[in-house]
Amino acid sequence: MKPFRTHRGRVAPLDRVNVDTDQIIPKQFLKRIERTGFGQFLFYDWRFSADGKKNAGFVLDEPRYQGASILVAGKNFGCGSSREHAVWALSDFGFRAVISSSFADIFANNSTKNGFLTVCLKEDEAAELMRRARERSDYQLTVDLEQCEVRDEQGFRAQFPVDEFVRHCLLNGLDDIGLTLQHEAEIAAYEALHPVPLQPASARP
Amino acid sequence: MPAKQTLFEKIWDAHLVAQPSGRSPIVYIDLHLVHEVTSPQAFDGLRAAGRTVRQPARTVATVDHNIPTEPRGTPITDLIAAKQIAALQANCKEFGVLLFDMDSPEQGIVHVIGPELGLTRPGMTIVCGDSHTSTHGAFGALAFGIGTSEVEHVLATQCLAQQTPKTMKIDVRGRLAEGVTAKDLALGIIGQIGTDGATGHVIEYAGEAVRALSMEGRMTLCNMSIEAGARAGMVAPDEITFAYVKGKKFAPREGEWEKAVEYWRSLPTDDGAAFDKVVEIDAAQLCPFVTWGTNPGMVAPVTGRVPEVGSLKESDRRSTELALQYMGLEPGKRIEDIGIDRVFIGSCTNSRLEDLRAAARVAKGHHVSSKVRAMVVPGSQTVKRAAEQEGLHRVFLDAGFEWRESGCSMCLGMNPDILQPGERCASTSNRNFEGRQGRGGRTHLVSPMMAAAAAIAGHFTDIRNWKFQ
């Protein structure tokens with residue numbers, strides 16, 4: 001996994017609440033069996049018309065938000081389906097982090113496995129960043145996972161909470177499967193005590 | 001005396017493999033359900049790392065999300081979908097995973113077949129790369145949806161590193177009235193607490209109305225937990241649970257059964273155990289609900305109206321305006337005046353035998369409105385066979401409904417069953433997100449009875465006034 005330490009980049013505002021993963025990556029793109037190449041389908045139904053032409057006016061296509069790598073969005077971002085494709089699409093599009101006042105659990109979990117940061121700020125802080133991203137040209141933020149802090153160069157500074165283990169994995173780009181397998185002895189001991197057979201009853205000894 | 005514990009805490013503690021300091025607890029997973037859409041990249045990851053499936057005997061797969069509901073044997077014309085199905089078949093073969101394939105007499109939606117095969121049992125930890133895994137919590141299991149990276153994690157280790165969720169009790173006082181179903185209870189709860197009302201929490205549904213629900217009803221209720229943002233939803237196991245599990249294909253057999261039930265009886269939350277949050281719901285206040293917007297919390301009684309934007313608090317106005325614009329609805333419109341084009345009866349929320357019986361009871365002796373196309377998609381081949389044995393398919397076909405093969409179908413429209421732009425659908429599924437059932441499609445979530453009644457009337461109608469024939 002790509003480590004996340006500190007990232008500075010342009011901020012794009014997506015001023016909607018409850019952005020669900022069906023919007024982030026619509027279902028017609030979930031049939032691919034690869035992990036890559038989903039960026040072109042990000043927010044597809046908002047960005048493109050049914051015939052594949054770009055819709056005028058979608059925020060990510062405004063010239064001033066080109067190259068944005070930090071998204072600020074309304075509360076409950078990433079709700080709905082568990083599709084990790086949503087994180088893959090945001091990442092592949094060029095985003096490294098999303099800032100909101102709340103995130104859906106599965107989306108937040110999926111993000112941590114992909115070196116992608118969900119930054120949870122207080123409602124008024126997130127609203128202030130939304131305002132700045134809309135009003136200022138080339139608005140940039142620094143997301144600092146080492147300090148657990150978001151800051152700009154015009155005096156905004158806010159702390160965000162992050163689980164200590166998640167932070168450790170993200171900072172070091174650790175593969176958590178490898179970490180779990182360090183507990184092989186405990187897993188094997190648990191399994192020895194808990195033989196739950198899943199064979200059909202008729203096939204059991 | 002041991003501390004008083006909740007159902008969730010008992011299951012959680014029983015599955016802790018390790019609690020490394022400064023790290024998330026490592027939890028053992030009893031059953032891993034796999035489907036075609038969220039697993040190919042996970043199997044690829046295993047291969048790339050030279051790992052294998054640790055416990056093939058605890059891993060069960062089926063195809064459900066993108067398969068057509070045309071008669072089986074019809075070639076799959078969507079080549080990308082066909083490739084994804086082929087990938088699952090190859091992966092199951094390579095890693096020795098039991099697959100209920102398209103031609104299996106037990107194929108079905110993953111959350112329908114787990115319970116009906118007796119794979120889902122009280123006290124288990126169950127995961128699947130699908131958010132509606134919460135369905136299995138109906139059995140007093142801890143069941144939750146995960147992403148593809150975690151699918152790979154479970155395949156490789158049979159464990160997950162998980163932060164401990166908080167607990168929430170939803171206490172439903174009183175009984176549901178005639179015509180008010182588990183679906184209406186779920187919609188009523190989400191309408192009250194919001195689509196993020198239970199974020200970070202595992203819900204335990206309790207109270208008289210919950211205890212009175214059948215297993216099918218409990219599955220419907222737990223299924224929609226994720227729509228309130230919950231990590232999982234659960235109902236304590238009881239005699240209704242045991243009666244459902246007994247005799248199922250993978251259930252404990254004679255000799256193992258008594259011991260299993262004895263353990264299951266120890267699972268319900270101890271009197272006086274504390275929850276992080278408690279919500280009370282008055283069952284008498286619930287009625288048949290219809291969603292009017294683009295998330296499952298945007299809900300109104302069938303006798304009610306689409307909201308007037310001016311009456312809402314400032315923070316809800318914009319999202320309501322956007323939702324009404326997408327849905328093509330005027331503020332203040334009566335719900336019963338909303339006409340529909342399509343009806344979908346199916347999905348992991350409402351496609352079980354009891355759901356089909358309820359819908360058929362409404363449909364019997366009536367005919368689908370001439371402006372409506374209505375389809376019934378049983379949740380599994382087992383449900384389909386059982387329904388056909390009772391003659392439910394005849395009732396539906398005679399009334400002008402389509403009777404199709406099992407799968408997720410138009411709940412998420414990954415297969416050819418989709419809405420056309422602008423089409424309005426009464427759906428028994430779980431999500432009314434923009435484009436969920438097809439780009440530009442407009443979804444209203446309802447119970448199976450309400451969907452069947454809407455199909456016949458051509459618009460929403462209060463099932464409590466229905467003329468059953």
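The model is predicted: local features need pLDDT of at least 70, side-chain atom pairs count only at pLDDT 80 or more, and totals for chains, interfaces and linings use all residues. Residues are numbered from 1 along each chain as its sequence is written, and chains are lettered from A and ligands numbered from 1 in the order in which they are written.

Helix α2 (residues 40-49) and helix α5 (residues 148-157), both of chain B, pack at about 50 degrees with axes 8 Å apart; axes are lines fitted to C-alpha atoms over the stretch in contact, and angles run from 0 to 180 degrees between N-to-C directions. B:Q41, B:A42, B:G45 and B:L46 of α2(B) meet B:T148, B:V151, B:E152, B:L155 and B:A156 of α5(B), a contact being C-beta atoms, placed from the backbone, within 7 Å. This set of residues divides into five nonpolar, three polar and one charged, where Ala, Val, Leu, Ile, Met, Phe, Trp, Tyr, Cys and Pro count as nonpolar, Asp, Glu, Lys and Arg as charged, and the others, Gly among them, as polar.

Between the chains, the contact takes 46 residues from chain A and 60 residues from chain B. The chain A side divides into 17 nonpolar, twelve polar and 17 charged.

B:A359 touches B:I345, B:V376, B:P448, B:M449, B:A451 and B:A452, leaving aside residues up to four places away in sequence.

Note on methods:
Contact = placed C-beta atoms within 7 Å. Helix = DSSP H or I, 4+ residues; strand = E, 2+ residues; numbered from the N terminus.
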